[in-house]
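Please open the structure in your viewer and keep the selection panel at hand.

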Amino acid sequence: MSIDDEAQEPLEPRVGPVPEDDPEFRPYRHPAAGWGAARSVTRFLLEERALVDGPRAIMRMNHENGGFDCPGCAWPDDTKGLHLDICENGIKHVTWEMTRKRVDRDFFAAHAVTELAGWSDYDLENQGRLTEPMVYDAASDHYVPISWKDAFELVGATLRGLDSPNRAAYYTSGRLGNEATFLYQLMARELGTNNLPDCSNMCHEASGRALQASLGTGKGTVDLKDWESADALFILGVNAASNAPRMLTALAEADRRGARIVHVNPLVEAAATRTIVPHEFTDMALFRTTRTSTLNLQPRIGGDMALLRGMAKAVLEKSASDPKALDVAFIDRHTTGFEEYRALCEATPWEELERQSGLSRDDILEAARVYGEADRSIVSWCLGLTQHEHGVDTVREIVNLLLLRGNLGREGAGPSPVRGHSNVQGNRTCGIDHRPTDAFLDRLADACGIDPPREHGLDTVRTIRAMREGTVKVFVGMGGNFALAAPDTAATYAALRSCDLTVQVSTKLNRSHVVHGRAALILPCLGRTEKDHQRRGVQSTSVEDSMSMVHLSVGMKRPASPHLLSEPAIVAGMARAALPDGETPWDWYVEDYDRIRDTMAEALEGFEDFNRRVRLPLGFRIKQPARELVFLTPSGRAEFSSAALPDIVPEPGTLALGTMRSHDQWNTTIYSDNDRYRGVKNLRTLVFMNRADMRERGIADMGPVDITSTAKDGSSRFLTGYTAIPYDIPRGCAAGYMPEMNVLCALGDYSTQSDQPIMKHLKVTVVPAAG
């Protein structure tokens, strides 16, 4: 029996709450946000008994002066000083953090870890906030209290005892602020390793690599003002109403000024229809909706690259009769590889583009017409494009399309990836990178007086493999819920359990605390809503949004427990214990975060004069060279990609399955078993299918099914007793919820282009449930 087969065993827990009623499915026909969001928020505040604290927090969230940054998505703060720059999921996220429920020493004394391992993930997190550091006691199978001093010494002694610094890995969730991020990577590199896996390895790694190759920068080039002046917006692989709800405001404003909005997604999501923006009180009172789309296209899963190439082919064909279809001056002056790309497009038959995209030629031409008629276009995308084998090539195809008409380096135009978590982009900017550049390491060495390692470290997939094989013995997780977020759930469980020590820095109890190493620590930290008191007063932290704006966040609430430490203080405590003879002034840094920022100003390009600039209204934007038409590529120009079009059509009898969140969910945190925007109640163990595919397989509406995935190496993974939901999705495609379906993504099923798990393109068979 292989390790992968053996690892199928520990999948006993549910993720969501136990449904109180029978599952329901009714197609959603209402606008996104609006009164549905208002009712949902009110119900959630009542359930959390936060009718006072919740509204108070709402009035301080995403404010430029003295407010705290939403710990949810990375959509930029409003540029016009909007006082209610909030959304349903952001309010839920903040209220979930501010709960009055507590997980203290009495709770852990009453519940053995083996018992907790059988609880649902909803029930684990719903117990409330962690209150003090805890250590696993194997003899009693309970977590027991430990002092901060002893906890840090346990970490330090274990790290000092390793025969190589590469025996440890330091994972980061996207919620970690910039200052803690910088200290964390500094600790890892002073210890001697670049083993810095992060959530980007599972989400937008393809975007960074593609943009770096095409433009010489790993980030998008547009800002929110560009969104406000674009003539056309193309939104690919994004469920904005759930994943970046504040985008709805930008889409509604775009429609009102006459911009064209094209949504590209196998599922027509609520955000791709119409909305009532909750802070637009007149529209709320009159139930007046605004369109958020002028064209919806539903390619097959993985068919986006063929659509984009078809649009480019149409633009090039039009240029034969209309010279203005191309920006020839821009192409000649700023790009390389155009003739090769032109030849590739011309050689690609329309029949193949239709077959691979799953769209008709007329659909593709209509999208190209919208693009061709717009003077300024933005293309935005999320994980629907990146979690594929060919994710890098697809994002580079976006850049190809933009270059054809000079949609770069000017207002209202450019590429715009939508990052999912609040500071995931800031984590990478501030040093969480298992493949750091020599230029970054040189600056870090000069600023911090260390000799950082030059050998590349481990990403998320390779860290799981190394833990399972025993070559990585210590796992430290700063935030997140690694056990559930990672692919191949069973293999990830086995990997964590193989460690000598696992350390989880968290605000709430989750699966990663009950799937642990032989020794394990839970280190509770402050939430972003809470005041961070240090020796020199209340501290602020900075974050970077998905459009490269860096701004401060200041907590407003009393901490959930007097025993909580801030994330910078926890990093400093571990580092001090692990590096007792080091010269980095860890305690001095934690006394005043301005001191951390002063060092960051020396170490990080673009952070010069950090402390002054971050206190400007709305903070400051990190300069993007490609926005100024400066391309840090080998050629010194923007580079067209001429990648071959992949064959992504499913084999007969199989389906391409993509995992996604429900609406009442944030990453691995499940608020309920409902998915309002898709019409689902009291159910998460489901698969959305085309009704014709269901009939072909003898599957009834709401019928029980078994799902089998086939990995690249031929091995199989299984989910049984799921419910099939007939849905408007292309034939040959299916979809379901993460993290439940992460088990279907084998550890070896990752992109050879980006090393990302291909969670949006799993090869599965679905059959009526046995028995």
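This is a predicted model: local features need pLDDT of at least 70, side-chain atom pairs count only at pLDDT 80 or more; totals for chains, interfaces and linings use all residues.

Residues are numbered from 1 along each chain as its sequence is written, and side-chain values use heavy atoms, with hydrogens and water left out.

Select residues 361–373, which form helix 19 (helices are DSSP runs of H or I, at least four residues, and strands runs of E, at least two, numbered from the N terminus). Its buried residues are Ile364, Ala367, Ala368, Val370 and Tyr371 (buried means under 20% relative accessible area, exposed over 50%, with a 1.4 Å probe and protein chains only). These cover an arc of only 155° around the axis, which puts them on the same side of helix 19; the arc is that of the directions from the helix axis to the C-beta atoms. Asp362 and Glu373, on the other side, are exposed.

Next, select strand 21 (541–544) and strand 23 (620–621), the edge strands of an open, antiparallel sheet in the order 21-22-23. Strands pair if DSSP finds at least two bridges between them.

Finally, select Glu205 in helix 10 (residues 205–215). Is Glu205 buried or exposed? Glu205 is buried, its relative accessible area being 5%. Its side chain makes a polar contact with that of Arg428 at 3.1 Å (a pair of N or O atoms within 3.5 Å; within protein, one must be able to donate a hydrogen and the other to accept it, and residues adjacent in sequence count only if both atoms are side-chain atoms).

Technical notes:
The expected span of a helix is 1.5 Å times one less than its number of residues.
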